[in-house]
Amino acid sequence: MPKKNIAWDGISFEIPSKFEVSGIDKSFIQLDNGEHPCVEIRWYDSGKTYKQQNYFRQLAKKIEVSSGIKIESSVLPSSWKKPLERFHSTAFYWQSDLSTGRGVMFYCPKSAQVMLIQFIGKGGEQLEDAAISLFSSIKFYNNEEFTPWRIYDMEATLPVAYKLDSFEFKPGRFKIILCSENESISLYRISPADILLKERSLGDFSQEFFKDDINRLDLSIAELQFDSGATCMFGQDKKPSAAKITMSKLSSKRRPFGQIEARYTKTANRIQAVLISSRTAIPDNRMQNIFENYSIVQ
């Protein structure tokens, strides 16, 4: 069965292509098999100390309090043992008036992360295949140099210092905001581009779409070109005032330096855009480096 990769908030895994993301939050993904939600994935920092049975009891209690479902430990299914042998695992099951489920909690010592995965409904070959794919390919990235991001049709790779701040997935408009100590990077995916740009240029669209950011960061068009597809860039003609720079040193929320670039790619029929805001001056090649590792998956 064809597989696809999902990478989100410090983890990545492979899942059968039929499964789609139907729910998402920080450290949480819900997958749908085309008919109903059937997989839930949650991950947690384990802290400095980890005791498997204590942690499982705490999680089971939280689930029981929030949902009324009682979680019971069980024997790890034989087909799960091989792909989970690199982790410390505890299997579980639950049953309610409306449904049943089974799952596993496992701990990764290298990353100090605990993952809780549950499969909802009757097992069957489809869920079994999903479980084996997920367990065999799951990877944590908090100890790596770079973190991959691949969700829906957005794909990027950024330094691990950038953490998920917020996100928005609306019809035709996706946005992921990632922050480090000094910098904020916002990745946009906007569609359908051919309709949005039918009666206006990319520059006109971008000036309207980013109006508040352009005013806040005092940006102006630095370059505008239209050949195969289009690129529109906004930069700062003048250095931010001394007052703005001083305030940025006092508060990590204040970032006086900024840059925006939007690109229209005909083959994907998407507008990709990146907004950088920073407490320090932005190097000339910064935007280029981000776009080299940011693409639309077709």
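Guide: The domain assignment, which is automatic or from a database, gives domain 1 (3-140) and domain 2 (146-296) for the protein chain. This is a predicted model, in which local features need pLDDT of at least 70 and side-chain atom pairs count only at pLDDT 80 or more, while totals for chains, interfaces and linings use all residues. Residues are numbered from 1 along each chain as its sequence is written, and side-chain values use heavy atoms, with hydrogens and water left out.

Visitor: How many residues of domain 1 are in contact with domain 2?

Guide: Contact means heavy atoms within 4.5 Å. By that criterion, 11 residues of domain 1 touch 11 residues of domain 2. The C-alpha centres of the two domains lie 34 Å apart.

Visitor: Which residues have the most contacts inside the largest nonpolar core?

Guide: In soluble globular proteins, nonpolar side chains tend to be buried together. A nonpolar core is a set of buried Ala, Val, Leu, Ile, Met, Phe, Trp, Tyr and Cys residues joined through side-chain atoms within 4.5 Å. Buried means under 20% relative accessible area, exposed over 50%, and partly exposed in between (1.4 Å probe, protein chains only). The largest core here has 52 residues, and Phe-13, Leu-31, Val-39 and Phe-106 have the most contacts inside it. Helix α3 (residues 124-137) supplies the largest share, five residues; helices (H or I, at least four residues) and strands (E, at least two) are DSSP runs, numbered from the N terminus. The core lies between domain 1 (3-140) and domain 2 (146-296), because both give residues to it. A second, separate core of 19 residues includes Ala-230, Ile-271, Ala-273 and Leu-275.

Visitor: Is Gln-30 buried or exposed?

Guide: Gln-30 is buried, with a relative accessible area of 16%. Its place is in strand β4 (residues 28-32). Beyond its neighbours within four places in sequence, Gln-30 is in contact with several residues, among them Glu-20, Pro-37 and Val-39.

Visitor: Where do the buried residues of helix α5 lie around the axis?

Guide: The buried residues of helix α5 (residues 202-209) are Leu-202, Gly-203, Phe-205 and Ser-206. They lie on the same side of α5, because they cover an arc of only 160 degrees around the axis; the arc is that of the directions from the helix axis to the C-beta atoms.

Visitor: How many bridges join β18 to β19?

Guide: Two strands pair if DSSP finds at least two bridges between them. Strand β18 (residues 257-265) and strand β19 (residues 270-278) run antiparallel and are joined by nine bridges. Thr-265 stands opposite Arg-270 in β19. Seven of the nine residues of β18 are buried. The hairpin has four residues between its strands, and Asn-269 takes a positive phi near 55 degrees there.

Visitor: Which peptide bond is cis?

Guide: The bond from Ser-191 to Pro-192 is cis, with omega near -10 degrees. Pro-192 is found in the loop between β15 (183-190) and α4 (193-196).

Visitor: How many disulfides does a search of the whole structure find?

Guide: A disulfide is a covalent bond between the sulfur atoms of two cysteines. Here the criterion is a pair of cysteine sulfur atoms within 2.5 Å, and the search finds zero disulfides. Cys-108 is buried, with a relative accessible area of 10%, and Cys-232 is buried at 0%.
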